[in-house]
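Open the model in your viewer and keep the selection panel at hand. The tour goes from one selection to the next.

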Amino acid sequence: KDIVEYICYGGSQSNLMASLSYLAKIQNKKFTYYTRVLSKYLKDNIDGNLAFALKNGMNLIEIGHEEFDKKIASLSSSKISFLIDQGG
């Protein structure tokens, strides 16, 4: 089967996040991105790569700092999803 979803993780203004959001959009695929909880300021003033990725339909999942490493370690590719490590 074809991959239907890209999964990635990292910082809230990642260049890779922005690029993958566009790739997923033009390929009509899902894109889920894991990041640490956004600051109140950023939530109130979404801009830059984060705004671009969200406009492209990215599914953003915020994870608390304490749980982040454990959650990321549990992510993996499957028959329908492809995990791209932070930084590509």
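Select D69 to begin: is D69 buried or exposed? D69 is exposed, because its relative accessible area is 54%. Here buried means under 20% relative accessible area, exposed over 50%, and partly exposed in between, with a 1.4 Å probe and protein chains only.

Before moving on, note that this is a predicted model: local features need pLDDT of at least 70, side-chain atom pairs count only at pLDDT 80 or more, and totals for chains, interfaces and linings use all residues. Residues are numbered from 1 along each chain as its sequence is written, and side-chain values use heavy atoms, with hydrogens and water left out.

**Whole chain**

Colour by secondary structure. The protein has four helices and four strands. From the N terminus on, their order is β-α-β-α-α-β-α-β. These elements are DSSP runs numbered from the N terminus: helices are H or I with at least four residues, strands are E with at least two. The C-alpha atoms fill a box of roughly 40 × 30 × 20 Å along the principal axes. Buried residues account for 36% of the 88 residues.

**Salt bridges**

Three salt bridges turn up in the whole structure. The criterion is a side-chain nitrogen of Lys or Arg within 4 Å of a carboxyl oxygen of Asp or Glu. Side chains of opposite charge can pair when their charged atoms come close.

D69 sits in helix α4 (residues 65–74) and R36 in strand β2, so the pair ties together parts that are 33 residues apart in sequence. R36 is partly exposed, at 34% relative accessible area.

Next, pick K43 and E62. This salt bridge spans 3.5 Å, N to O. Helix α2 holds K43 and strand β3 (residues 59–63) holds E62, so the pair ties together parts 19 residues apart in sequence. K43 is partly exposed at 42% relative accessibility, and E62 is partly exposed at 32%.

Stay in helix α2 and select D44 with K40. Their side chains form a salt bridge at 2.6 Å, N to O. About one helical turn separates them, because they are four residues apart in helix α2 (residues 40–44). K40 is exposed, with a relative accessible area of 62%.

**Nonpolar cores**

Now go inside. Select C8, M17, F31, Y33, L50 and M58: within the largest nonpolar core, of 13 residues, these have the most contacts. β1, α1, β2 (30–36) and α3 (48–55) each supply at least two residues of this core. α1 gives the most, with three residues. A nonpolar core is a set of buried Ala, Val, Leu, Ile, Met, Phe, Trp, Tyr and Cys residues joined through side-chain atoms within 4.5 Å.

Centre on M58. Apart from residues up to four places away in sequence, M58 touches M17, S21, F31, Y33, L50 and A53. Contact means heavy atoms within 4.5 Å.

A second, separate core has eight residues, including I7, Y9, Y34 and L83.

**A loop residue**

Select S14, in the loop between β1 (5–9) and α1 (15–26). S14 is buried, because its relative accessible area is 19%. Neighbours within four places in sequence aside, S14 is in contact with Y33 and N49.

**Last stop**

Finish with F52, in helix α3. F52 counts as partly exposed, because its relative accessibility is 38%.
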